[in-house]
Amino acid sequence: MDVIEIKNNQKIKRAEIPVTDFENFTKKIISYDVRVVNLFAKKENGQNRLYCIFANDKEKRLFLTTTYVGGSYPSLTLKKPCLQMFERVIYEEENILPEGHPFLKPVRKQDGNNYEFLKSHDLQTHEVAVGPVHAGIIEPGHFRFLCNGERVNHLEIQLGFQHRGVESLMKKRPSIQLAESICGDSTIAHSMAYARAMESLSNIDVTHREKLIRLIALEMERMAIHVGDIGAVAGDVAYQMAANILGVTRTLVINTMLELSGSRFGKGLMKLGGVNYDIDDVIREKILKMLDEVNDRTDKTVKAMFGHATVVSRLENTGVVGKKRAREIGLVGMAARACGEEFDARIYDDYSNFEITTLKTGDVYARTYLRYLEIKKSTTLIKNMLAELDGEFSKQRYTLNLEPDSFVFSILEGWRGEICHCVMTDSNSFIDTYKIKDASFNNWFGLALAVRNNQISDFPVCNKSFNLSYCGFDL
Amino acid sequence: MMFLIVLILPFFFIGLINKMKAIYVGKQGASIFQPYYDFFKLIKKGEVISDTSSFVFQIAPSINLACTIIAAVLLTLFHFEGDFILFSYVLALGKFFSVIAAMDTGSSFEGMGASREVSYTSFVEPAFFIIIGSLAALSGHYSFLSIFGLLQSKNEIVMLIAILAVFAIFMMILIEGSRVPIDDPKTHLELTMIHEVMVLDNSGVDLAFIHYASALKMLLFSALIAAIICPQYLWASLLVILFIAFLIATIESIGARIRLTHIIEYTFTMIAVALIVMALVLLIMHGGRF
């Protein structure tokens, strides 16, 4: 046994986790068919152990394998480029050197700004530095462009300004509130992943009704952000009409969330063992009404927007990431589906017969239009789930009562892409390892590639089409 | 009279556009007088001046404003042979100073903005000269007098010339005023800006001057259109200007911005229209016989 198949949100004993030699480990994870979901290192009994969770999306199976390494190991990035960020994190956090890694720069910790950005010796090339403080109310991040006139030759992204140490806080004081604050626009998704992992470790069963309420909230979060983001893309190309109408339409969704949970972003909805608020008939009617209204407005606006020649000419062939490239750099979620990759973590979830929507072109147009298709899909899913909603709503309160020496992996599809929480407990039932991966972790590099050879003035619209999280990456 | 109105009106013009844009998308919008409030607010504020900049940065906004006011004088008060050449070049002088002031800050953004501003607005100048020069040749006045009341002519070809000239000058307004589809005055994204990014480092009085000068410049070009359509009555000129504000607001509300690389096609359209004006003028001057 060199790999073990794991199920989403189902704990296994740590003793069951197989160990294999490094060669075999490499062979397993660099295969083209599998997608590495998470790779992290951990010190165990004085040895460094690499954990790798990988997925075979076609067969809907998740696997786990591990190996022991010394203070360094031959870098896997050379064989599978999408591992570059994982290896950089491993080097930064555990100080295990991936030998031959081509781009071993700091990820979150900045070492007193000693890092030298890539430079060009070409006299035609000039640098444009943007941020870390930006115009508008957004998070901090630094972008360094190497440009030839208006054309971007290279973009280097430096993040880490929002590093709060969420993973180590999770070990000391795990709480829903902390999980909700990992990334503000994916509040539901992160708190849900946390809750599911903890429920599995504490042997808490969630009723069918509450499972559905969670998924409804997750889909509402997806709708709200997608509606807002299509509007934001329109705003970036100065298409005022859609920007304003969709901005208002987003409010309809999040105000319904406010009525459900008391917070427009769904804070306080999730609890250990279920949800705090039930969807009763009044709320159900409100949600249904909201869905019709939102769909009506979005349909009309999107039709006008994508029928507008100037808008389409701005979006088409801008910021293209090809399918092959997307696979190489490990793009996930919506951005990957816009390139034609069939990755959607909802296939590992409780949805009944879920089908993946993809587009082919991988440009800003595809990433924007896919959001519209996902809004339609979410509407159908929510309607189906509302119809299915029955059974008990438990008001019971649970406390964390973790099983010792266990491992659990929780994956779900947030609006941006897959969100994974990976938790291990030690023999005293304390949390030993808490690894969080937001889709932004995979996709920031996709943005850097998307703007390459594009106009620098098209960067904002490329950026908006990905709309990645800074704090979800920085943790 | 017209001169005083032109001096007072610029912010009203901008405020009107903003108000109409807001109404278009179903918002209430800020007061029409908001640009005036902003102006007086900025006048009262102190300035922050970058350590890396020289005296050029500090004098440029005032020079730019002075140049624009001289241009306003030339258009509305005094007319003499060759005044339109001076008009165009005082505006160019003002722009020259705002461009070198932007370069002076040493910021990569402002250099980028300066380069864009120059590459796109440099096409306005030839188009402007082709049009006004042709009209001057047609009328025999080598000043702005040549354009006045062109549309009132009974000759169909002259009317056609006037309409084409108005169209080309309207295209100039959108470039010089940094409006959609060339630039987006509302955006906060430095990387996409043309005009706005050049003035990122300015604050206080200087910024107030810059805002005023660019609004005045837009109004001057609108006044040029008004002069072609109906110079006799003040109220009619004001109506024309009002209508131009409405047109700009409409374009901004229903359209999107074109890609930066496509602006060059826009400017070529403008020059092409100017060339048609020239061709028609030559046609008339030779009485249709070549």
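A: Begin with contact: two residues are in contact if their C-beta atoms, placed from the backbone, lie within 7 Å. The model is predicted, so local features need pLDDT of at least 70 and side-chain atom pairs count only at pLDDT 80 or more, while totals for chains, interfaces and linings use all residues. Residues are numbered from 1 along each chain as its sequence is written, and chains are lettered from A and ligands numbered from 1 in the order in which they are written.

Q: Which residues is Asp474(A) in contact with, leaving aside its neighbours within four places in sequence?

A: Asp474(A) is in contact with Arg108(A), Leu159(A), Gly160(A), Phe161(A), Gln162(A) and His163(A). Asp474(A) belongs to helix H15 (residues 471-474) of chain A. Helices (H or I, at least four residues) and strands (E, at least two) are DSSP runs, numbered from the N terminus. Chain A has 15 helices and 16 strands.

Q: Is Asp474(A) buried or exposed?

A: A residue is buried if 20 or more other C-beta atoms lie within 10 Å of its own, exposed if 12 or fewer, and partly exposed in between. Asp474(A) counts as buried because it has 24 C-beta neighbours inside 10 Å. Of the 475 residues of chain A, 48% count as buried.

Q: What is the radius of gyration of chain A, and what would a compact globule have?

A: The radius is taken over C-alpha atoms, and the globule rule is 2.2 Å times the number of residues to the power 0.38. For 475 residues a compact globule would have a value near 23 Å; chain A has 22 Å, which agrees.

Q: Into which domains is chain A divided?

A: Domain bounds come from an automatic or database domain assignment. In chain A they give domain 1 (4-99) and domain 2 (166-474). The C-alpha centres of these two domains lie 26 Å apart. Across the boundary, 23 residues of domain 1 are in contact with 27 residues of domain 2. On the domain 1 side, E4(A) gives the largest share, 6 residues.

Q: How many residues does the largest nonpolar core have?

A: Nonpolar side chains tend to be buried together in soluble globular proteins. A nonpolar core is a set of buried Ala, Val, Leu, Ile, Met, Phe, Trp, Tyr and Cys residues joined through C-beta atoms within 7 Å. The largest one here has 226 residues, and Ala168(B) and Met172(B) have the most contacts inside it. Helix H9 (residues 204-229) of chain B gives the most to this core, 19 residues.
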